[in-house]
Amino acid sequence: MDAVPGSLIPMASVANLRDLGGWPTTGGGRVRFGLLYRSTELSRLSGDDEAALARLGVRTVFDLRTGAERSASPDRVPPGATHLVADVLADSTDAAPAALAEVLTDPAAAQRLLGDGRAAELFARAYREIVSLPSALAAYRLLVTEIAREPRRPALFHCTTGKDRTGWAAASVLLLLGVSEEDVLRDYEYTNRDLLPALAPLMERFRSAGGDPELLRPVLDFDRAYLQAALDEMRTRFGSVEGYFADGLGVDAAVRDALRSALVASSASAASSAAAARGEN
């Protein structure tokens, strides 16, 4: 794996798997490699990919999906890893990101949910809910308080496509660590590069079933407007990322400091971490 921010870790059965390490932070540090990973669901994890994921040393898998999603596609976790459920959308009445599995296979459902220009507003609303729903606040509180504990790391978090609920988890943590908003948006944008090719067979099956693949693009493509809706909601309700973690998630200063201490390397140690990630001595 190249030791650069946003590098894809290629696995046939787990799309959009990336290390959050490498992004520069305020003060000259960098997010450490090998501690936090993001991906799509792990229901298809198998064979060589299972061994490869085990070699990453993942100790904890955080599953951000709904109960229905988990039942339909249960995770396969690496040997020895703990599986923790953090259902972000449990309180949602729309749960648009959780409906992706249905719309990808059912053109009629896709038209009903996304047609006539409804997709953009539906997902912008969903991103606001990801920030403010009680279930979302509880889920992300569990995620960040647990990853602050050394025995839980390295950790991997995911939803179904690794874009929306997973995207906000990555964005909020990176912002807390001092990564610039532009780099956070760039990290989110890499989903287009890594996820869409993996979904090409699904798009073709959708076409074969009579659906128009263009109907799916607003919800599968990266759109900065979606993440911007979440950032706007965060600022409106909590003022800043610090306010979101402190007042929204109820994560105290000691835990926030523990996250920064564990996940951010100083300039010198960041260089050493990058060399280790490249396999250099």
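**Exercise 1.** Which residue in E6 does Phe62 stand opposite?

*Solution.* The model is a predicted one, in which local features need pLDDT of at least 70 and side-chain atom pairs count only at pLDDT 80 or more, while totals for chains, interfaces and linings use all residues. Residues are numbered from 1 along each chain as its sequence is written, and side-chain values use heavy atoms, with hydrogens and water left out.

Begin with the strands, which are DSSP runs of at least two residues (E), whereas helices are runs of at least four (H or I), numbered from the N terminus. Strand E4 covers residues 60–63, and 4 bridges join E4 to the parallel strand E6, residues 155–158; two strands pair if DSSP finds at least two bridges between them. Within this pairing, Phe62 stands opposite Phe157.

**Exercise 2.** Are the residues on the two faces of E4 buried or exposed?

*Solution.* Take buried as under 20% relative accessible area, exposed as over 50% and partly exposed as in between, with a 1.4 Å probe and protein chains only. Thr60 and Phe62 on one side, and Val61 and Asp63 on the other, are all buried.

**Exercise 3.** With which residues is Tyr244 in contact, leaving aside its neighbours within four places in sequence?

*Solution.* Contact means heavy atoms within 4.5 Å. By this rule, Tyr244 is in contact with Val131, Leu137, Tyr140, Trp168, Ser172, Met234, Phe238 and Leu249.
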